[in-house]
Structure formats: C-alpha cells, structure tokens
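Dear colleague,

Please find the structure below, handed over for your studies.

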There are 2 protein chains.
Amino acid sequence: MTHKSETSYGYFDDDNKEFVITSPYTPLPWINYLGNDGFYGLISNTAGGYCFYKDAKFRRLTRYRYNNVPMDSGGRYFYINDGGVIWNPGGRPSETQLDFYQCRHGLGYSKFIARKNQLQAELTVTIPLQMNAEVYKLKLTNTSKQHKRIGLFSFIEWCLWNAQTDGENFQRNLSTGEVEIDGNFLFHKTEYRERRNHYAFFTCNKDIDGFDTDRDAFIGMYNGFERPQAVDKNQSSNSVAHGWSPIASHHHKLDLAPGHSEEIVFMLGYCELEQTNKWQALNQINQSPARDLFTHVDTSQKFDHQCKRLRSYWQACLSICQVETPDVKFNRSVNIWNQYQNMVTFNMSRSASYYESGIGRGMGFRDSHQDTIGFTHIAPTAVRQRLLDLSATQKQDGSAYHQYQPLTKKGNADIGGNFNDDPMWMILGTANYIKETGDWSILDEAIPFDDNSQAESHFEHLRRAFYHIANKLGPHGLPLIGRADWNDCLNLNCYSNDPNESFQTTEHKQDSVAESLMIAGQFVLYGQEFVRLCEQLDKLQEAKIAQAHIDNMVKAVEDHGWDGQWFLRAYDANGNAIGSHKNEEGQIFIESQGFCVMAGIGIENGKAQSALDSVEKHLACDFGIVLQQPAFSRYHIELGEISSYPPGYKENAGIFCHNNPWICISETMLGRADKAMAYYQRINPIYLQDLQQTHKTEPYVYSQMIAGKDAATPGQAKNSWLTGTAAWSYYAAVQYILGVRPDYHGLIIAPCIPNEWAGFSVKRKFRQAEYHIRVHNHATDKRGLYVDGQFVEGQQIEYTKYQQTHKVDYYKSA
Amino acid sequence: MTHKSETSYGYFDDDNKEFVITSPYTPLPWINYLGNDGFYGLISNTAGGYCFYKDAKFRRLTRYRYNNVPMDSGGRYFYINDGGVIWNPGGRPSETQLDFYQCRHGLGYSKFIARKNQLQAELTVTIPLQMNAEVYKLKLTNTSKQHKRIGLFSFIEWCLWNAQTDGENFQRNLSTGEVEIDGNFLFHKTEYRERRNHYAFFTCNKDIDGFDTDRDAFIGMYNGFERPQAVDKNQSSNSVAHGWSPIASHHHKLDLAPGHSEEIVFMLGYCELEQTNKWQALNQINQSPARDLFTHVDTSQKFDHQCKRLRSYWQACLSICQVETPDVKFNRSVNIWNQYQNMVTFNMSRSASYYESGIGRGMGFRDSHQDTIGFTHIAPTAVRQRLLDLSATQKQDGSAYHQYQPLTKKGNADIGGNFNDDPMWMILGTANYIKETGDWSILDEAIPFDDNSQAESHFEHLRRAFYHIANKLGPHGLPLIGRADWNDCLNLNCYSNDPNESFQTTEHKQDSVAESLMIAGQFVLYGQEFVRLCEQLDKLQEAKIAQAHIDNMVKAVEDHGWDGQWFLRAYDANGNAIGSHKNEEGQIFIESQGFCVMAGIGIENGKAQSALDSVEKHLACDFGIVLQQPAFSRYHIELGEISSYPPGYKENAGIFCHNNPWICISETMLGRADKAMAYYQRINPIYLQDLQQTHKTEPYVYSQMIAGKDAATPGQAKNSWLTGTAAWSYYAAVQYILGVRPDYHGLIIAPCIPNEWAGFSVKRKFRQAEYHIRVHNHATDKRGLYVDGQFVEGQQIEYTKYQQTHKVDYYKSA
C-alpha cells in the first residue's frame, strides 16, 4: 500500500520508505543523513552538505559553509553542460530552471531525478554499509531525437581535515593544501607528509577527459558555485593545487545517441594507513587502500548491489518493531521516520546537522544516553559499546564530563562537567539496554574512570551516579543543580553579566544551594530503576539503602517542591523558589512536572493530576507545550541563559520538543489516553504537513524547537534532526501509548490508546522470539493477555517461555 | 608632481596618496583599512569586508565569510536598480559589467567611481577621526538625456557580535537576532536586553521608501549577494527580523532628471551605553547616542568636512618624515604606503586582515613591540600606551603572555607563554620610543604584572625581561628557546605526532635543553640597549653586571654558535646542532645570521661577512631571501611545524619577508650599500608591478610571505598587510639605508646608500625641531655634518641645541 501524502513541497512514499521532494527551493534545506558505521554524510535536497569520518570537527572531509548566502552552498555537485545550458541533477547550485526535479530521501541514501531539454539525470548517493566512502551513481539518458555532446564535471571541495581551523587559520591553511593525481584518482593529502595517517580521494569508473584540483582554476575567483568557469568554458584546466583551496573535479566528455544512456560511478573515499605503509615512493602516497576500496563499487552492478545490501539492512532494522494502527501517520512515524531519526541521533548526538556546525561540541553525555532509548532494539551491540564508552568518561566521584569527542573518546575539558543530571541518565540507558537484551553482563564490564585508569564494574559506575545525587542535596533535601540540569539554559549559579562569557562554560558559583526539582524527579525515577537492578542482582541491602534515599527524596519533593497547583522547578542560589506562582515571570515549568509525574510522585494524592492539568492550562498551545510561562521579558541574572532568548524562542517559553514526550508519558500514567495522543501528535512533523510554510523544517523529522505562543513567529520550527525529541517520542509512542514495553523478564503489554481506536497490532522481535501482538480496544467478551490463545496472568509475556513466533492478543475495555 | 605608475590592475596616484584600482577582478581582493582610533573597517576594492569595534573577535559588527565562493562575499553594498539593470558602485557583487569602474584606496578612506548606462555613482567610505562609525556618501548623477527612476538599496549584514560563535553556534544564534526600527534608523540589538551594553545601527540622511532587516526577505534563501530578490523586484518588504540573520537595508526611490545628482549620507554606527541609560521605554533602546552620533555627518557638507579633517591628519602624520631620493619607488614607499601600513600593523597586530580571520588570535606580544618601530614617530602617545599595556601582560618571572585581547587587555590564556624571545622585544620597543621622544618618564611608570597586581616600574619590567634570558641558558650557555623564538614554527620541544594538536599550544617538553642562536643575537642586541638605558639612568652597577652577561653570550655564540661559514640556528632538545652544514636539510637559516650580525657579533673577525655571504649564496633568490635551505622534504618531528609546510612555503624555505630587513640592516652594518638596497627592493611590492599576476597580493603593501624558489609557485605572495615586514622595512630604509636614526641625545646621520645615488634629502620633525637634511654622496670638497652651515663633530645632531627649522648637510664619499 502506498501513501502519497501531498504537501506543497513533497510527499511521503511509504512503500519505498522515502520522502519525495518536488522543489529545490524548500522553505529551508531539507536534508538526509548517509552512513551509520562511522563514516557520515549530510546531504540536502539539492545535494549540498558534507561528509566526515567519525568526528565532524577533527576529521571533516569536504568543506561546507554554514549560514551562507545563498543558503546551503557547497556539496557534491555534478555539473552538466548540455549545449551551453548548465544544470545539476540536484536542481542547484546552477540556477537553471529544470523541466523535472525530484529528490528522494530514503534510508541511508538520496536519489535525484531531474530532466532538462530531454536529457534525464538520475543520481544516487549513498554510503554503503561498513565503507568509508560516499558513492555516487550518475545515469544520463538522452531522451531526445538528437545526438547530444555533454560536458560533465564532478565537483567536491576538500576541507583541510579540522573543520574549526579550516575556517579560522588562513594564514597557515592557504599554504598547506596538497593533492596527488593519478588517472581518475584525485587524492587529497594535505598534512599527510607530516602528522596525518589518512588521505581522501575522489575517483570514478570511466576514464576522464580532464580534471581540476584547484578551486580558483575550476570555479574562478569571482564566480559562484552556480556557474564555475570550467563548466562555463566546458573545459577543465588540469590544475594542480598548491595551497589555497584544493578541490576534486573530473571532466567527462560524453557522446549520447538518441535514447542512449551512460552510467558513471564515483567514489569519495577515506583511507587510514599504518605509519610503515604510508608511502609507495618518496612523497608519493600508497594508493592501494584507495584502489582496493573502489573495487567494491566500480561497476553499476556492484553499486546496485551495495544499495540492495543497505536496503536489506534497513528492512531488518525496522522489522524488529512494526506497528499497524488506525492512524496512518502514526504508523509512518513509528515504523519508518522516527526510528530512522533515532539512528541519526544515536550516531550524531548533537554534533553535526544543518544547525549544529559539527565544531562547537562533541557527543553529549546526557543526550547520548537518552538517544539510546529509541535505538537499543535496533542496534544493541552498538548501544552496549556506547554506554561503556560514556561510562569511561565518568569521574571517580560519580560526576561526568558533559561531552566527549567521538574520535578520541575522551571527555571534553573545554566544556567540563558538573551538570548534575548527567550521571543519572546512565541508569536509564543501562536499564533500558538490559530490558531489551537480557544482557546482564554489561554490569560486570570493568571500566576505568576518566580521572582514574583503575577499572571498576559498570554497576559500580551506576552506583556512583546514584550517590553523586544522593550525597549532593541542598537545604530542602533536594538535589543540587550544579551548572545546570537537563535544561542547559537554567543557570542558577552563573550570574553572568559579561557578554563574552559562555553561560555553559563560565565558572559557576561554588558551594551554591541551588536545587533542582527536575533532578529530584529524575533521581526518584531512575533511582527506582537502580533499586530494581540491585534486587535482580540480589544486592538486597544495597537496594534497601538506595530505596531509603529515594523515599526521602519523594518526601522532600512533597514537602518542599509543591507550589499548590504544580511542582516547583528549582530553588535558586539565594534559596528562592523558581517556577512558583509567586514569581513574576517563569511561574510554571514543564520539566519538573514531567519528571515528578513519570517518577510516580503525587499520582496517589492528586498532585500529579493537578500538575498535568496546570501544564494543559498554562503551557499547552496549538503547536505543542511551551517550556515555561510567562515568558521572560527581561534578563534575570539569577536564572541565566534561559532569560536571554527573545520570548517564545528556545528555552524562553519556546516549545522545546524534547520534553513534550515526558508529559505525554505522564498522561499515560494517569490513563489519559486522548491527552497523551494529542500531545504526541502536536509536535510530530508528520501531522504538520498543512503547516509547512510556517513550520519550515523537514516534514519527516523532529526539530529541537518550535516557536511558542509568545514568539513573533509561532509554530516556526528550528534545529531539525538532532534532538532528544526523536528517541523520547518513539519511546512514548511505542512503550507508553501502545504500551509494548520490554522489561527485565519479558514484554509488558499495557496500552493507553485513544478511545476512537478499535485496536492495533504490533510485530515485535524480542530476545529469542517474535510476537505478533493484537490489541483489542473496547473488548467486551475477554479481558487481558493471551499468548497463542492461552490466557496469561498479568500484563507481561515472560521471555523465557517463548522462542518462536507467537500470536499475542490483549483485550482491554475502552 | 603626479606619478601614475600603470600596472595591469591599477596605478599609484602619489599626489592624492591613493592607489587606483581599475578592475573589480584583481588577482586577489585588494583591500584597505579604515579607522585608527579603535573602530576599524576592512574594505576591498569591491566594498567587501567588515567592521568591528576594538576587537575583531569579540565585537564584530558586520558579518564576513572568509574563503568563500565567490571570494570576498559580503560587505557594504549599495544596489542600484536602473530600469532592471542591477549594479553596485563597487563593481560587485552584482555581475553587471560596468561602463567605468575605479576604486581609489586612500589613507583611511576608499572611493568608488562607477558608471553604467549614463548613471554615474561616486561612493566614499571612511571612518572619521575619533568616531565609532563607518560613513558613506553616495552621489548618483544622471548623465543621460532621459529622466531616470532609480531604485537604491543599501545593505549590510549584522554579525551577532562574537565573530567566533557567530559562525559556530547556530542552534542558539538563529533564535537570538533582534532589531528595532525607527524611521531611517535600523538598530541591531541582539543580546542587548541581557548582557550587552551596546548596539549598532545603520541610518541615512534621506527619508526612506522602505527597509528590510531580515536577510531572507531581502536576499532570498537561494539567491546570492549578486542579485537580492528585493532589488530584483525593486521593492523592499519592510521585514522585521526575529532570529535567523538580521540585516539592515534602506530603500530609496530616486527621481533623477537629466544632468541632476542626488547625494545621500549613510552611517553604520556603534554605541555603548551606561547600564542605567540603556532604555527609553520597556524593551525600547535609548536611541539618543545614535542620533547624536549621526549629527556629525548628516549632511554632505559635514561629511566632506570629516574627510578633510582625516586628510589633514594624515598630512600631519606623514610630514614628520618625508624623503626625496633619486628612486621614485623608494620615495613612494617610505613617504606614503609603508608608513600607512605601519599604522595598520600597529593597530591590528596580526588580528584582522583578509588572511587573519580576526577570531584566531589577539594582539601578539612580540609582533606589537616590533610594529611600534615603524610608528613611534607618528603616534608616540599611542605607542607609549601600547608599550605599557604590553608590559602589564608580562609575568613576574619576566616571561610574557604571547598574545592579549585588545578589548580586555588581558593575556590570552588559550595561547599561554614561554616563547622565550617575547620579553626581549620590550627593550627594543621602549628604547626606540625614548630615542624618538626623549620621554624617559615611561621607565618610571608603575605597571602590574599579569600574575601580580603589585606594580613595579616599567624599567623593572625591562630588567626582568633581560634576566628572563640571562638566567635561562642551556648547556652551551645559549638561551633556552622555550616553545619557540621569533620563528613560531621552529618547535624544538613539541614532538607532536597528533594532527589534532596545535604546534603552538600543545604542551611542550619541560626542562628541555634546546637553545636558540636567534635569541642569543637578540639578547646581545637588545641587551646592549638595556645597558645603554642603565647608563643613561646612572645605574652603572646594573649596567656592568648586564654587560658581563652580554659578553658571556657573545663568547658562547663565538664558541658554540658558529658553523664555519655561518651562524647555527639552534641546538635541538637532544643537543644536536640545527642549521649546520652537517644537517641533511635546513643547513642554514636566516634568523640567526640577521640577529647575530645586527648585534655586531663577528663584525670584527669576519664571521659577520662570511655569514652574510652565505645568506647571499644559499638563501637569496629572485623574489627575496628564503628562510632556510635546503627546504624540508619530510617531517622532522624534532623541528615541528616548520617542516610541515610544503617546500618553499611559509617557514619551510618560503621568503618570510619579516626577516629580510634584518639582512638588509646587517649589510648596512658592513657598509655594503648596494646589497642592502637590492634586498630592500626585492620584497618591496612597489617594485613588483610587472610581476602582479604572479605576486597577486596588493601592490601597495607588504605581504607576510612570498613563495620561495622551492615552491610550485615561486614569487606568489600571501598574507598581505599584517606582517612585521612593514615596520622592519621602514626601519631598515630610513634608519639604516638613509641612516637618519634617532638616538637618546639626538638624530644620527649615517647613510649607507647605493653608489649610483648622488644624494637625497629628508625633512624630519624630531622632538622640538624640524631638520631639512641633505645628504651629498660622492662628496669631494667637504666631509661630515653641517647644521645651518656650521660643521658639527661626529654624526649626531644633538637635540638640546636646536628648536627651530634647521638646514642639515651631510657629505660623504662614495
């Protein structure tokens, strides 16, 4: 069944799991990600973007200019000169209006189909599995009645490896660029002679008629990307770059008879070499690894085979959990795009998107943990490694580096630590991993601390995370906030009045008493999980002591964290309540409502319901739930960055989507299914196709932020792709709305679905078995769980009992 | 007398002290600097570039994209839509071919004269004296017989103040932009609500017909600078920026009758406000300072008056030293462009040019000191302050921060210190200042250390600088090099094999024995100056002890620093000689030859001559003197960054112009005038007009580097404007070739001029007097010095004897 949902700029092709973009001129560049094994590319709907190896800052392969004029300048460009008419299969950067244009963003690949003057181009771009290369297949077909002589020019611009210095240190950089050329192989070897053990190359499988490696020779100093002078002249100049800006461009002169086609495969590859194996002669690089790599795709058949492998891979990934509900958009999101985005957030954290420049930061500690909850079922092995890598950036005292660089896996000293929520996320990630896999061995892994190479068990790391909070309480018995909790911009200890200071890294007040209700809820929620882990490990005394800390925390929240209608957000450095009706601005915040209710606080005494009703009343708006109200109209030095944004944007009463699923989950805990679903849908881009001109970002992925009701541009989204929203929304949808939730001993079925649904089904591979689950809403005859027709007590399918494919039915009343 | 020296891209107009560029498409953008009181602009020959207040990193006003495609994108653009034909007075970014184009870079201003379809535009851009604003006067004249209706659009793009985060932190930046609009005044107030006490504005003196403040509204997401959509439509959209990219653009609809003109004055200004005075109403900025500022130029007459003031200012500056020699290029360089460049290097150090992005570094310690030697005679008060500012970044132990940020005047901790040549430059700067001014009080100023607020006299700072070397000697009694000496790229203690490390900032080996012959020479040269200072202050014991250290150093150089034909360069961390004929590569270096000879070492025993002969034999080439030979063909981990450049570029055997004048001065010390002059001319761009296509950089200013004989592109210059070459070349030309040299007690006349010169004259204001000096070469009758016709013993005009204008004659044999 194909769903082609038309929007003004494109539609979903669910059969092919593609989003089809029908204009090069989308409201913002709409991008896709390529690769998921360490080599990555970002590619826009006009083939803009760049690629890198592992680390977007330290190992950038191609150059990209953010926030440029025109927007989205630079990428993998193929220029066609057809009788003086110059165009690109991606629709840009050439300004020629095409007769037909389509960009199909699929899972790990993008495809461009374009036509001009009866010449058809089909360009497929992908990163094959386990390959350190972007590969391109370009097919040109002469659909006219005339013979065509075509000039074809490939083009990429090399980044000088370190993306940050590449854009800063020109007095050095403009003298360092080096290339080597051998036939079709155009090598980039800047700094290879000295400290680098890697080079890049651009090659193709058809003999070239010329090349360029010097940007000014190819483009011309004063031309733009839209009309390079070599393309204009229809002639390469065989330039050899010495410094300035090395590029790689192949020139093919193609003769196309009427009806005939030509296919060429290109590869932009990356090779690392052993020190002893770097050279084949004096200052001549060892080309073998590059030539070997290219043999995997050097024919169209091989290229197609790699595409097929990738498609099978994704088929397998997505087959682990497939749902069929009455809501086609829900299905599309949960079955395809949300899971795909989860892969991207897992791989990138917040490092490289069209809004994250890839040079500002590495992988976030809290982000990376949260991102695993949407991806563990797909890639448990990768998640296991990630959790242990993160564990190794924890310090002995239980605290953690806030970020680390993926290339070195070392904590980022520039950013530092003391974001006090960070360590508790380790428990979420690890518990979620064990529930999915049953792999308890992860707790026994011996892992060093960042500040002590003496390894301790991963369990011990979690224990220290727990006590890092338990032992750091403020005057109300609530957790000290440190630099900040989940809300990086609520800086209660910064007191910055110098605009050259970063709120994130500037030295904060020491010995401050500022406390966080968000961490309090988080501590209770994941502390309970820690207790469960202890119990499973038969560490009953440990569990008991921990539980006592948790009980105290619940009491502290009840006694000191309740404002009358909702949970407070914090106490500031002077001990004043934040997120209270007594405040002038910022009277109610979303985070503490979400985390306290998810932790179960106040569910029995009505506080939870009152808190969520207050969220609905004060924070919910047409485009989602805003972070707090009223928005800050002035700077509050005691609150920091949150009050630095214009009202309605980002943390200052924007819809910071990441936290919306917390409320969605909280609503399911109260059994309020319709509210939960309404919140789920409100920020899900797949439901927003009528708002595209307002929303602006890609309709197939979540954005970090949607402008709130106080903004000048309410409903306008920003910072798409890299957001905790992806994992949390998926987690909320599958584990709490559908209620299909892994636990230590089996799969729990506890749906909380809209009244209007008659039911839904889920195919779920879980541990050794596959379950075909059917949930029947408004059930009249039966109640409860049946596996293969047999009634099962409770809501859990115990995994030890099942090894095959099993039919599961769950009957519930409305 | 007008000298119009034609080159292919322009010519010198000496009468107007302008360089006239006749094509918008120069080999590289050819720029000018505006401002010299703290507010600065860089402006290319097509009006590209940006402006900033004091600090190019922390207080950038307009956005500029380095290394862009096309090169030089972004600036102050005025778009003219004349019946659908769109063009700019600067010739770009519009691609329309003009009927006439001229850019006149003058002293502190640039002027663009252009014509298309009988519409003439004359745009003058300047920063008036003591004003925090760029101002523009645009005159449009209809030279046709038809009435013209013109659409005029101004355009600048705001930088969000911090130029570094502006290009990195988009997930924040794209939500923060804020503007305020009131009539013609378009205010940029991003972050003003919170921590900033400054805003910028763009205004004009003629009522506008529309405006834009949102970049996408004005340019269009997918348009380039060459054709903004508002200009294309000939209609502004009155857009109000909320986040994204705020700009400022005025729209004027002009009716021009045949023969009629219209003049409009624009101002791009910057205001700082007191905390208590920031607002005129809730969230409405206090506009008064901006409106007050504009009153200074809000008519054409006032604008012209400011231009006149600036011209008078420069007339006065240059009148302090004017020369008349038989060599017109020498005169042009010394009288105009070299002095002008000295002003720029003094103000910028190495912080902001078209090669220095303004975000990588602040003001260099050693650079800033050296830059004063070309500027002290023009601006002694500013130099005094700079010397004391630098002194305050010295540490108690005599070492110094390598750089400081001009906005804060604090040492840059990111870069750190331990470049062991740094402190000795303090003595050069201070001695040179006292010789020019006779102001001994500078030595008594109480200045704190960077690591101790307890102030000590500036003399004590110099003393610690001296002993910082004297007490840090290696096994040969030569100075330890630390991180590096003047050659930042000779990293003897770094041993880096990680490409992600900076050679400059990576932790270096402690307790290394690596020694520098360059510092040895520097220590002797400026140590002798320190001794002279002590003697003048009657600190005879201090002088005697210091002299003993110097004598020891001379002996150490003679004993351990001589390779047989030239001076060694260094001993590495293993005690091996560097810059020796025994080395495989890098056998002879320029720096130690220059500094040892300038220090007088080996002049009496022939070593100096042998060293200079070796320089000529091994290092001199057609385009200048290369840094060392043979070039490094491979990476030498024990030498560091110097061996990381491709051969012939930068420190790896490039012509690193800064050190060429050291050889020139050294040659004058041996009396070899013709050799000195040949070296002087070889790197001076004013002599290179026939090489413009090879040389590429501006023909009116020095570049940091010219590719050497080993390079793929010998003779190609890079990194123009910000180079120690400017001050040193001027110093060499005036003080050593012409030999007109200030000293503590008067002006020394000691020329070393080419044999072919019959003589020359110099007008020199010095302390209380003005001297009209005439040097007679090949004198037959007379010998020596005559003041007002009276014979004077020796070569010095004692300043205490003269208060008026005096005629000086100096007679020398060939």
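**How the two chains are related**

The same surface serves both copies, since 100% of the contact residues of chain A recur in chain B. Please keep in mind throughout that this is a predicted model.

**The contact between the chains**

Chain A gives 77 residues to the contact, and chain B gives 77 residues. About 6,900 Å² of area is buried between chain A and chain B, and carbon and sulfur atoms give 52% of that area. How many salt bridges are counted between chain A and chain B? The count is two. In a salt bridge between Arg172(A) and Glu641(B), the closest N and O atoms are 2.8 Å apart.

In the whole structure, the search finds 15 cavities of 30 Å³ or more. The largest cavity has a volume of about 670 Å³. Its lining consists of 34 residues, and those nearest the centre of the largest cavity are Tyr66(A), Gly167(A), Arg65(B), Tyr66(B) and Gly167(B).

The second largest pocket has a volume of about 1,000 Å³. Which residues that line this pocket are the closest to its centre? They are Tyr222(A), Asn223(A), Gly224(A), Glu226(A) and Glu95(B), out of 47 lining residues. Sorted by class, the lining of the second largest pocket holds 18 nonpolar, 18 polar and eleven charged residues.

**The domains of chain A**

Finally, the domain assignment divides out two parts of chain A: domain 1 covers 35-315 and domain 2 covers 740-811. Taken over C-alpha atoms, the centres of domain 1 of chain A and domain 2 of chain A are separated by 49 Å.

With kind regards

Definitions and conventions
Residues are numbered from 1 along each chain as its sequence is written. Chains are lettered from A and ligands numbered from 1 in the order in which they are written. This is a predicted model: local features need pLDDT of at least 70, side-chain atom pairs count only at pLDDT 80 or more; totals for chains, interfaces and linings use all residues. Side-chain values use heavy atoms; hydrogens and water are left out. Domain bounds come from an automatic or database domain assignment. On a 1 Å grid over the protein atoms alone, a cavity is a set of points where a 1.4 Å probe fits but cannot get out, and a pocket is an open set with protein on both sides within 12 Å along at least five of seven lines; lining residues have an atom within 4 Å of a point. Grid points are joined across faces, edges and corners, and a volume is the space filled by probe spheres set on the points. Ala, Val, Leu, Ile, Met, Phe, Trp, Tyr, Cys and Pro count as nonpolar, Asp, Glu, Lys and Arg as charged, and the others, Gly among them, as polar. Contact means heavy atoms within 4.5 Å. Buried area is the accessible area (1.4 Å probe) that two parts lose on being put together, summed over both. A salt bridge is a side-chain nitrogen of Lys or Arg within 4 Å of a carboxyl oxygen of Asp or Glu.
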